[in-house]
Structures are given as structure tokens and as C-alpha cells.
Amino acid sequence: MNRGAILWRVASFAVAAGFIGLWQLIANLKLVSPVFLPGPDRAWASLVRGFSSGDLWSKLAGTLEHMAYGWLLASIAGIAIGAIIGSSRTMRTYVAPSLEFLRPLPVSAIIPVAIAMLGLTQAMALFVISFGAIWPIMLATIHGFAAVEPRLYEVARSLQMSRLAVILKIALPSASPDILAGMRLSLTVALILSVVCEILAGLDGLGHWVLLSARAFRSADLFAGVILLGVTGYVTSVAMSLAEHKLLAWQAAQH
Amino acid sequence: MTAGSAKALALPLAVLAAFELGARATHLQSDSLAPPSDIVMALFGAFADLSILAATRDTLFSAFAGLAIGTIIGLAFGIAFGISDTLNRLMEVTVEAIRPIPSIALLPIALIALGFGYRMEIVIVAFACVWPILILSRAAVRSIEPRLMEVARALRLPPAQRVWKIIIPAALPRIFVAFRLSAGIALIVAVTVEIAINPLGLGAGIMLAQQALRPDLMLAYLVWIGAIGYALNVLLVVAQNRLFGRAAVSGDGR
């Protein structure tokens, strides 16, 4: 970064600090009832207290665990199913239209069905999160496979590579930018569905924590939980961007 | 085309037929599954007593009201940030700090501040819709042909007219793409809020059917929610093609 960019960053942080100051001012003047809006000082104190007593750590770990398991399962299944469908023209003509039809379905509507089948359990949450997160990954994989340079397939044919070898050596690397973009989208879906499942099923996690805090009108704890969820969303998406950058470095180098 | 759509229909029809036959053959007794014929009957029943139509009205009202508010706020900020690079850079940290908060995490805050009902759902939907509109309209304004802005300067248009006569028309095709994305998000968020906590609309209807151990009615709601999502998407894609033709495609990520 050059000096201009650093200065802009500093100025931008100053503006954000100004907004937090404004928030503090509104809370101090009690323009909004403190039952609904705690000041940033009280939210911060609640964060510190929660982390030092270990309460928030375990809630955070719970949410991250739900999110990670669901997302990993969705990634593995999504890439595998997407590869099977995407690598065969017959499968694409028969299956892809059904998938396109299901895509705009609000995935949370599957929650009652999952509750009926699995009850209010961890298995239900895992099913719902991975069901929701699988779509962007699977559709991106199918799309990426369909968009592979046809000449690469001709090369594979002339080398008499097996279908598995074609998938692993040609199609997957070539489709990896699409797949990683799909995985990044799914990360957000996984976080949202984790929170919803925790709220509905009372599973240990930040979603349950913010709901309980709201029910008890502990607004400082509530804001602490929401801030932590925002941080979770931010950190996971930054981590994913970094991973994307690392994993696709070979491709940037080629051009 | 007919051969193509026949192939597209083959799989879902086969699955439905197999499900129907399997359910009839085993005399299925289940809290979570029902044969397709029962689901269709339940759907007709829900239409006959108007319950599903009332729920649809509630959900769509919340979704569209939230979408409208979110669009106006997102567009105002998006255009302002697109025009003024200074403003955009100054607000960057603030925007990046609020944007990653999952919309559904605001649910408890909206709940204690506004209580159950339309208002809290509309607020959450609006929050979710602001971001795609803001980000995409900012990008759309930035990519406006610079010569158009020069024309606006040469004509000495006041800022309000510059936005209304030059910027919005030039960026409209890409703004509509953002609107289409947000409409899908609005429906998803509305249904999610209803399923999680808010006792109205389609989400509450499907939860109630589940708790009443009516798998046929529950799956009928699921099919209906899916149909609405699909219809909304088709409607907006058709509108986009009619209104903007190829102009919107360049801004479309798909």
C-alpha cells in the first residue's frame, strides 16, 4: 500500500469511530430506551465478560462447529454430485433442469420437513445446513465442468484417459475458480442457517444465545452476540478469499 | 425444444411416480412424508379454505415492503458512493463492518424493539436487501461512460438532475439485475423469519402443519413456496429481458 491508501484507510477508520461515538452519545442521552439499545461501552463490557468467563467461547465454538460441519459436508457432496452430473452430457440434459427449478426455493422451507424427520437434534441442523449450502457449490461445479475448454477433452480422449482421470486432472482444476466462488457463497448460507437452527432447536451456539438474551431483555449481551456473528461472517469470508487467492495462484501465473 | 423439455420433465415425473407407488404399496404411515396425490389434495384443500392464499399475501406483503425500503436505501447510498469517491473511501470501514452481519442475527433485536408482526419482518428483509443493491448500484454508477458525465458537466445540470437524467437511466439495466437478486433474497429472508419466529405467512403455515403432524399439508406448503420462488424468478427474468434486452446481460454475473 502506498501512503495515500494508508491515509484513506485511517480516515475511513476515523469515520467508523465517529459512528461508534454517535451511537454512544445516543445511548448516553437515552434517545432510544436502553432496553433496546445499549451503548457500545456496555456491549463491549458484555463481550469482555462473556469471553473471560468462557461463556461466549463455547457459544462461538458451537456456531462455528455447526457451520463448519454443514459446509464441509456440502462441499464434499456438492463437488462430487456436481462432478458426476457435470461430466456427462446425458446427466446434464436430464438432471440440470430439475436443479434449476429447485434453485430459487427458499432453503429454510426445508427446516420443518427436517424437523419432522429428525426432530430438534444436531442431525437436523447438519442436514439443513448442508442442504442449504450444497446448491451454490453443486451448481457452480456443474457450470464449471460444462465450461471446460472442449479441446482439453479432446486431448484427454487422444490420451485415452479414464473418466475419473479426466475429472481429477482436467475438469476439476479447470472448474476450480467456479467451485471456490460457489463455496464462498455457501459460507454465508451456512452461517445464516446455523443461526436459524440454533434458534429453532435450542442448540448450543450464538443463535440460541442472542435469542435468550432478547427474551430476558439483556440487550448488552444481545448486541455482543450480534457483533460476534458479524465478526464470524467477516473473518470466514476473508479467510475464504485468502484461500481462494492461494489456491488459484497457479492460474493467475499462467496468464 | 419439445424433446428437451420432455427430457427435463422425465426425472421429476419418474421420482414422483416411484414415490406414489412406493407409498401406496407400503401403506406409508409417516409424520414427515406423504404420497404426492395426498399432497395435491392438501394443496387443493388449503386453496379451498383460502388459508394458503392469506398466508401468501402476508409473506409477499412483508417481502415486497422490505424489498422496497431496502432498494431505496441501497440505491441512495450506492449512487452517492458511486458518484463520490471520497465519500466511498471514507465509509468503506463502516460498510464493511456492518455488511457481514447475517440478516437473521438481527431477528432478536427486531423482536424486542418491534415485537411480532409485519414490522420486524420488514426491517430484517430491508436490511438483507440493502447490501446487494448498494454494492451493485455503486459498481454500475462507477462504470457509466465518462463522456456522459462530461455532458452533464457541460450542460451544468444541477446534482439532482444529473442523478435523475443521466446516472439512473445509464445504470438502470445493472440496477435491475441487483433488484432481481434482492427480490429472491427478500422472499428467502421473509420465509426464514416466519419459520424461525414470526407467527404469520407461509413460513408460519408450514411450521404449523409440521407441528399438527400433517405431512401432506406441510409438503403442500413446501411445493407452493417453491412454486412462488420459481414464478418470482421467471417473472423478473422476463421483465429484465423485455425492458433491457441485451443491455442487462453484460452486468449479469451468471
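Let me begin with what I am counting: a salt bridge, as I use the term here, is a side-chain nitrogen of Lys or Arg within 4 Å of a carboxyl oxygen of Asp or Glu. Please keep in mind throughout that this is a predicted model.

With that rule in hand, I turn to the interface between the two chains, where the count between chain A and chain B is one salt bridge. The pair is made by B:Glu92 and A:Arg9, whose closest N and O atoms are 3.2 Å apart. As for the surroundings of that pair, 48 residues of chain A are in contact with 47 residues of chain B, and the area buried between chain A and chain B comes to about 4,200 Å², with carbon and sulfur atoms giving 79% of it.

Over all chains, the count by the same rule is 14 salt bridges. One that I would like to show you lies within chain A, where A:Asp204 forms a salt bridge with A:Lys59, the closest N and O atoms being 2.8 Å apart. This pair links distant parts of the chain, since A:Asp204 sits in the loop between α8 (163-201) and α9 (206-215) of chain A, whereas A:Lys59 belongs to helix α3 (residues 55-86) of chain A, 145 residues apart.

Next, the annotation of chain A. An unreviewed UniProt entry places the feature "domain: ABC transmembrane type-1" at residues 60-244 of chain A, and in the model that span is 85% helix and 0% strand, with its end C-alpha atoms 24 Å apart. The unreviewed entry also places the feature "transmembrane region" at several stretches of chain A, among them residues 7-26 and 223-243. Residues 7-26 of chain A are 100% helix and 0% strand in the model, and their end C-alpha atoms are 29 Å apart; for residues 223-243 of chain A the chain is likewise 100% helix and 0% strand, with the end C-alpha atoms 30 Å apart.

Finally, a helix pair in chain B. How are helix α7 (residues 146-154) and helix α8 (residues 159-196) of chain B arranged, parallel or antiparallel? They pack at an angle of about 170°, with their axes 11 Å apart, and, because angles over 145 degrees count as roughly antiparallel, α7(B) and α8(B) are therefore roughly antiparallel to each other. In this contact, B:Leu148, B:Met149, B:Ala152 and B:Arg153 from α7(B) meet B:Arg162, B:Ile166, B:Ile167 and B:Ala170 from α8(B), and the residues of the contact divide into six nonpolar, no polar and two charged.

Terms used
Residues are numbered from 1 along each chain as its sequence is written. Chains are lettered from A and ligands numbered from 1 in the order in which they are written. This is a predicted model: local features need pLDDT of at least 70, side-chain atom pairs count only at pLDDT 80 or more; totals for chains, interfaces and linings use all residues. Side-chain values use heavy atoms; hydrogens and water are left out. UniProt positions are given in the numbering used here, feature names are shortened, and annotations may be inferred rather than shown by experiment. Helices (H or I, at least four residues) and strands (E, at least two) are DSSP runs, numbered from the N terminus. Axes are lines fitted to C-alpha atoms, for helices over the stretch in contact, and angles run from 0 to 180 degrees between N-to-C directions. Angles under 35 degrees count as roughly parallel, over 145 as roughly antiparallel, 65 to 115 as roughly perpendicular and the rest as oblique. Contact means heavy atoms within 4.5 Å. Ala, Val, Leu, Ile, Met, Phe, Trp, Tyr, Cys and Pro count as nonpolar, Asp, Glu, Lys and Arg as charged, and the others, Gly among them, as polar. Buried area is the accessible area (1.4 Å probe) that two parts lose on being put together, summed over both.
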